[in-house]
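Please open the model in your viewer and keep the selection tool at hand.

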Amino acid sequence: MQFVLFILIYPIIWLISILPFRVLYFISDLFYYLLYYIIGYRKKIVVGNLKLVFPKKSNAEIKKITKTFYKHFVDIFIEMIKSFTISEKQISKRYSFTNIEVLHELEEKGKSGILYGAHYANWEWIFNLNLKIKFNGYAIYKKVKNPYFDKKVRDTRGKYNTTLVPTKETFALMAKNKAQQVLSLYGFLGDQSPKKGKIHYWTDFLGVQEVPIHTGVELLAKKHDLAVVYFNTKKIRRGYYQSTFHLLTENPNEFKDYELTDLYLREVEKQIKKAPEYYFWTHKRFKNVGKNG
């Protein structure tokens, strides 16, 4: 059944992906109206999250952010589809980097690291980065349930020298690469809410108290002595993005427990507060707020 679904759906995805951007964004506009005005997909969650984080904003301001968010939200999925066939020339033009020398300096030192980001702007197209660095690039991800689609996603990223690594295989891979002295850069997104059984740390996030936070990146950075670099992606205009790198530390073990995690959170907060409409507000990010203990 999974193969049947793949051969029925993937050709449609592929045909959509080869369309020019102007046509894709016209399709995106149509789906925006459908999603926002007719279906109202997760609108209560989006508005609830925004009101929780920005209690001083008026209803008119919240509505404006919400509408812009939904336009961007649909664009992101259209851009994900485009990823299957986008050319190296196109993606290099549309997703650029302001200070890639931050990573080049780590390479020169032979220092492996973690590239840490959030579900903000476009986090998918950063796989373009691996065309411009010497690191062995890995993206930690949650496997797609359909194995045929999962393989296609892996193969697509593989064209740009990115190896997708399922979360369950991360520990073993890092240990192996460290033992073999493989210069590596591991990509993580850490702003989602951890499962109840895996919550180890609660803190303030975006002004909301007692929010459960993922701490796995800090744990891995300290265990394998990895540099931690935050990537801040800015949406320049529709379909164009620019990432800036912030070296959080080359020496993670100099930080007390959770200090490195807090440093990451402050970077995410600054990014969101500057332009909240480009954050992924459909996540139930605050579903376990205040349930500590």
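**A contact in a strand**

Select Lys-235 and His-72, whose side chains make a polar contact at 2.9 Å, a term for a pair of N or O atoms within 3.5 Å, where within protein one must be able to donate a hydrogen and the other to accept it, and where residues adjacent in sequence count only if both atoms are side-chain atoms. This is a predicted model, in which local features need pLDDT of at least 70 and side-chain atom pairs count only at pLDDT 80 or more, while totals for chains, interfaces and linings use all residues. Residues are numbered from 1 along each chain as its sequence is written, and side-chain values use heavy atoms, with hydrogens and water left out.

Lys-235 belongs to strand β8 (residues 227-237), strands being DSSP runs of E with at least two residues, numbered from the N terminus, and helices runs of H or I with at least four. Lys-235 counts as buried because its relative accessibility is 14%, where buried means under 20% relative accessible area, exposed over 50% and partly exposed in between (1.4 Å probe, protein chains only).

Staying in strand β8, select Thr-233, which is buried at 2% relative accessibility.

**Two exposed residues**

Next, select Phe-26 in helix α2 (residues 21-39), which counts as exposed at 52% relative accessibility. Finally, move to Lys-195, in the loop between β5 (184-189) and β6 (202-205), where this residue is exposed with a relative accessible area of 62%.
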